[in-house]
Amino acid sequence: MKPTLLAASCLSVLLLAACAGTPQSASPDAPAAAAQVATAAPRNDFAANPIVYFAITDRFLNGNPANDGSYGRQKDGAQEIGTFHGGDLAGLTAKLKEGYFKQLGVNAIWITAPYEQIHGWVQGGKAEFKHYAYHGYFALDYTVLDRNMGTPDELREFVDTAHAQGVRVLFDIVMNHPGYLDVETAHQLNIPVLWKGAHEQYTLKDYHGWIDYNAERDKWAEWWGGDWVRAGLNGYTAGGSDDLTMQLAFLPDFKTSSTKAVGLPAFLKKKTDTRATELPNATVRDYLVKWLTDWVRDYGIDGFRCDTAKHVELASWAALKAGGNAALADWKAANPAKKIDDAPFWMVGEVFPHGVERDAYFDNGFDSLLNFDLQDRKLDDAAALDDMYAGYARNLAAGRSGGASFDVLSYISSHDTRLYRRDRLIEAGSALLLAPGGVQIYYGDESARPDGPASAGDPQQSTRSDMNWASLDARVLAHWQKLGQFRARHVALARGKHQKLGDAPYVFSRVAGADRVVAAPFARGAVSLPVGGAFRDGETVRDAYSGVTAKVAGGVVELEAAGTVLLESAQP
């Protein structure tokens with residue numbers, strides 16, 4: 001969630017809350033030299049080569065229509081910009097079973113927060129649509145599944161099915177804020193701040209008239225309470241002006257830095273289905289870490305994508321990582337037949353507008369951060385692309401010197417900004433999936449999912465349209481599948497030394513120990529491609545894009561290119 005953008009969609013709830021190279025000649029000795037240092041090369045495991053698929057669960061696939069409309073949630077009746085559309089965990093599992101993610105080379109699926117969200121809606125945009133919590137950023141109860149997402153058994157099946165395919169599961173989580181208090185939630189949980197008769201009659205126009213913002217302290221204390229969050233309400237401290245204490249989009253701000261021991265919020269004490277219990281001498285941070293890592297301990301969740309990370313102090317992220325590591329180790333010890341491997345818990349953070357540079361986040365729990373730089377680069381120009389690749393590879397290698405943890409997760413489309421041009425997804429797909437570091441596929445970039453409806457006050461809602469299962473672009477999908485599978489085989493793309501080999505067509509190599517690749521993302525027709533020190537004369541190589549093989553002669557490979565060339569060794 002990008003705070004300035006979500007704020008645009010929630011301005012009308014202000015009262016509620018007021019109240020984030022040069023070509024080289026062939027070297028016959030190069031492969032032998034590479035083999036000598038193979039033991040020092042990174043393994044092609046997830047942490048070395050993350051290929052993450054991000055799905056907004058509600059917009060992906062409706063696998064179980066029986067859970068639609070949970071908690072009395074209803075359709076808007078118009079364009080359905082901000083309502084729940086029906087996607088769920090069962091839908092994700094169905095696509096796993098079809099092999100959809102493995103065909104893309106994906107080794108992790110990041111899903112929107114599946115824990116319980118506020119039940120009703122707030123005013124979206126400039127009071128233009130009903131904005132429900134379909135995206136997972138308006139948390140209510142961190143300890144139970146949202147019924148729209150599915151059941152505990154469906155979550156377990158999803159995770160187990162993914163793990164059986166070597167695919168990790170990442171939850172999108174928020175430690176900065178819970179959700180707003182909406183009218184429906186207040187009514188259902190008997191939080192006494194409603195003040196007009198039959199609450200079912202409220203509309204977009206008169207929404208705020210149904211909440212008494214001047215209610216006494218004891219009424220507002222029935223919600224989270226002033227020890228838990230900052231909010232401009234009676235009995236609460238208002239949000240501050242700095243990154244760590246401000247109210248993003250006027251959302252209540254968790255007091256994660258507080259050292260004060262707190263009890264359960266009043267509404268959770270009364271909530272009959274919560275799994276939250278009193279913790280002795282626990283702070284707000286302690287509760288949140290416990291609640292979030294319980295999903296890891298119970299289901300084997302492999303990692304978190306941490307929303308609005310710069311708005312939470314580093315000590316809280318370090319605590320979450322430690323808790324995640326301990327919880328995942330416990331789950332793996334209890335479920336040895338279900339685990340993928342013994343890798344530790346993995347965390348990636350959203351620190352807007354972070355690029356490819358190492359900083360204190362990597363010393364406080366994070367393995368990776370989202371890379372906001374790539375989306376704004378020129379991705380269909382060879383010179384610009386090579387400049388970006390060389391810079392990324394150089395910065396990543398420097399940041400990892402001495403074995404330090406450092407990686408980025410690059411993307412071309414985002415739920416908080418915009419979708420990349422739908423008519424340039426071939427070129428952009430190549431640029432992304434051949435980039436150094438980790439990569440993130442936003443659902444529908446591989447299928448040319450079109451923009452959806454939005455409002456003038458919140459245009460980013462268009463990036464969250466329903467997955468286009470009935471109109472997949474076969475050409476774009478095939479391109480992304482070939483690139484994704486190639487990337488999944490080659491850690492060199494993520495971790496290797498980048499070397500430009502030619503300009504016409506643009507050719508580069510990446511080498512990491514014994515793993516060697518050469519790529520020409522814009523090659524078409526009969527081409528003669530220099531392979532530098534990556535492959536030796538007489539070696540047989542395979543173009544993973546077209547399936548043809550060829551032998552290296554005079555430091556070059558000659559073949560017929562089908563728009564992209566992806567060379568790997570074809571030697572046994």
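This is a predicted model: local features need pLDDT of at least 70, side-chain atom pairs count only at pLDDT 80 or more; totals for chains, interfaces and linings use all residues.
**Ground rules and confidence**

Residues are numbered from 1 along each chain as its sequence is written.

The protein chain averages a pLDDT of 92 (the predictor's confidence in each residue, from 0 to 100). At least 70 is the score of 92% of the residues. Residues 3–39 have a pLDDT below 50. Beyond near neighbours in sequence, that stretch has 102 contacts in the model. Contact means heavy atoms within 4.5 Å.

**Two helices that pack together**

Helices (H or I, at least four residues) and strands (E, at least two) are DSSP runs, numbered from the N terminus. The expected span of a helix is 1.5 Å times one less than its number of residues.

Helix α12 covers residues 314–334. Its 21 residues should span 30 Å at 1.5 Å a residue, and its end C-alpha atoms are 30 Å apart, which agrees. Its buried residues include W317, L320, L328 and W331. Buried means under 20% relative accessible area, exposed over 50%, and partly exposed in between (1.4 Å probe, protein chains only). The cover over the buried residues of α12 includes α7 (152–164), β7 (168–173), α11 (284–299), β10 (303–306) and β11 (346–349).

Helix α7 has 13 residues, which should span 18 Å; its end C-alpha atoms are 18 Å apart, in agreement. Buried in α7 are E154, L155, F158, V159, T161, A162 and H163. They pack against α5 (89–98), β2 (108–111), β6 (139–145), β7, α11 and α12. G166 follows α7 and has a positive phi, near 75°.

**Empty space**

Rolling a probe the size of a water molecule over the atoms shows where empty space is left. The search uses a 1 Å grid over the protein atoms alone. A cavity is a set of points where a 1.4 Å probe fits but cannot get out. A pocket is an open set with protein on both sides within 12 Å along at least five of seven lines. Lining residues have an atom within 4 Å of a point. Grid points are joined across faces, edges and corners, and a volume is the space filled by probe spheres set on the points.

| Space | Volume |
|---|---|
| Largest pocket | about 660 Å³ |
| Second largest pocket | about 220 Å³ |
| Largest cavity | about 90 Å³ |

The largest pocket is lined by 32 residues, and P42, A47, R400, A404 and R495 are the closest to its centre. Helix α13 gives the most to this lining, with 3 residues. By class, the lining has 18 nonpolar, 5 polar and 9 charged residues. Ala, Val, Leu, Ile, Met, Phe, Trp, Tyr, Cys and Pro count as nonpolar, Asp, Glu, Lys and Arg as charged, and the others, Gly among them, as polar.

P42 sits in the loop between α3 (30–36) and β1 (51–55). It is partly exposed, because its relative accessibility is 26%. Beyond its neighbours within four places in sequence, P42 touches A48, V491, R495 and A512.

The second largest pocket has 14 lining residues; I426, R475, R524, Y545 and G563 are the closest to its centre. Helix α15 gives the most to this lining, with 4 residues.

The largest cavity has 13 lining residues, with R305, L370, Y411, S414 and H415 nearest its centre. H415 lies in the loop between β13 (408–410) and α14. It is buried, because its relative accessible area is 4%.

Most residues other than glycine have a negative phi, and most peptide bonds are trans. A cis peptide bond joins F352 and P353, with omega about 0°. Another cis bond joins A504 and P505, also with omega about 0°. P505 is in the loop between β15 (497–503) and β16.

F250 is not a glycine, and its phi is positive, near 65°. A448 is not a glycine either, and has a positive phi of about 65°. A448 is buried, because its relative accessible area is 17%.

Definitions and conventions
Side-chain values use heavy atoms; hydrogens and water are left out.
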